[in-house]
Amino acid sequence: MTVFLVIIVLALLAVTGWQISKIFELSKSPDADTSQVANNKDNENQGKLMMGFAVFLYLLMFYCFWTFTNVTLPDAASEHGGKYDNLMLISMLLIMFVQIVTQALLHYFAYKYRGEAGKKALFYADNDKLEFIWTIIPVITLAGLIIYGLFTWTDIMSVNEDEDPLVVELYAQQFSWTARYAGEDNTLGEANVRFIEGTNTLGVDKEDSYAQDDKVVRELHLPVNRPVLFKLRSQDVLHSAYFPHFRAQMNVVPGMITQFGFTPTVTTEEMRNNGDIVDKVERINDIRRENGDDSYEFDYFLLCNKICGQAHYNMQMKVIVESEADYEAWLAEQATFGESMSEE
Ligand SMILES: [Cu+2]
């Protein structure tokens, strides 16, 4: 209802503005220039405005860099993360360079070649040499960028099975994540949506011998420097498993298993002591203190990055990266699937 009223008020304001402009038009002195064709003065003003707009764009850009770089992600916490960040940095630098030059030229030429009475545009059909140059430079640059990107992609996406990655299933549903560790045999038991019953919320096959030692948990613990291979399943709609700090993201698709592997290299404790994170946590806590909220402590998170419904924004799971010993101790405390099923 409020939205409807706001729309009506805005529409009425627009009509008022339009009517006022008509009154101004009518109240002009009869000898004023009422021609619809732009004269030299109009063109001069428009040209200067174009230059002013370019300056505004550059200032806005510098302002944004200055103000918002402190909300970007800290250094990557995974082995492949550095390569990903490099690719991103090189692409952004290239885009920045090209846009700074072309914006400047575009706005300057709009001013320089503004309309003037008696000035006639030069008729210039084509120039093969020029066309060749402005085709070949983007072709080489883009081909280089794409090939570099493809190599990086292959490097990130290939999972080396010889490294014996820790296999963990991530199960997505509206609006939560559940993790299933593959247990002693490092092999996940079969699962199917038809087996979902009672506390077996992931639909794990109770008859499957590989499933007995699986461990279903609501918090993800990862040993530092050990490759992890995530197998992703969804119960309902499309979700996307997103680990911003590890520079990892993969769609979670109902009816199929997708995967993503990475090696965490920075423990939660180490990341909490990272300068950027210390600053960021301090700033967040200043705001929280003002609002009378409890203080916040940094943690890695697995988020959902696909708008999957009403509570999508809150679909998250805490991720703890710790030493191998701490991880083993934590895992030993978790009940196996076989144990939790026999308790029923
Ligand atoms: Cu989701």
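Guide: UniProt, in an unreviewed entry, places "domain: Cytochrome oxidase subunit II copper A binding" at residues 163-333. Note that this is a predicted model.

Visitor: How much helix and strand in residues 163-333?

Guide: That span is 18% helix and 32% strand. Its end C-alpha atoms lie 26 Å apart.

Visitor: What does UniProt list for residues 65-160?

Guide: The feature there is "domain: Cytochrome oxidase subunit II transmembrane region profile", again from an unreviewed entry. Residues 65-160 are 69% helix and 0% strand. The end C-alpha atoms of this span are 38 Å apart.

Visitor: Zooming out, how many helices and strands in the protein?

Guide: Eight helices and ten strands. The radius of gyration is 30 Å, well over the 20 Å the globule rule gives for 344 residues, so the protein is more spread out than a compact globule.

Visitor: What does the C-alpha trace span along its principal axes?

Guide: About 95 × 60 × 40 Å. Buried residues are 19% of the 344.

Visitor: New topic. How do helix 2 and helix 3 cross?

Guide: Helix 2 covers residues 40-68 and helix 3 covers residues 81-112. Their axes come within 7 Å and cross at roughly 165°. That makes the two helices roughly antiparallel. The crossing is left-handed.

Visitor: Which residues make the contact?

Guide: From helix 2, they include Gly 47, Met 50, Phe 53 and Leu 57. Helix 3 contributes residues including Gln 103, His 107, Tyr 108 and Tyr 111.

Definitions and conventions. Residues numbered from 1 in each chain as written. Predicted model: local features only at pLDDT ≥ 70, side-chain atom pairs only at ≥ 80, totals over all residues. UniProt positions renumbered as here; feature names shortened; annotations may be inferred. Helix = DSSP H or I, 4+ residues; strand = E, 2+ residues; numbered from the N terminus. Rg over C-alpha atoms; globule rule 2.2 N^0.38 Å. Buried ≥ 20, exposed ≤ 12 C-beta atoms within 10 Å, placed from the backbone. Axes fitted to C-alpha atoms, helices over the stretch in contact; angles between N-to-C directions. Parallel < 35°, antiparallel > 145°, perpendicular 65-115°, else oblique. Left-handed = near helix turned anticlockwise from the far one by under 90°. Contact = placed C-beta atoms within 7 Å.
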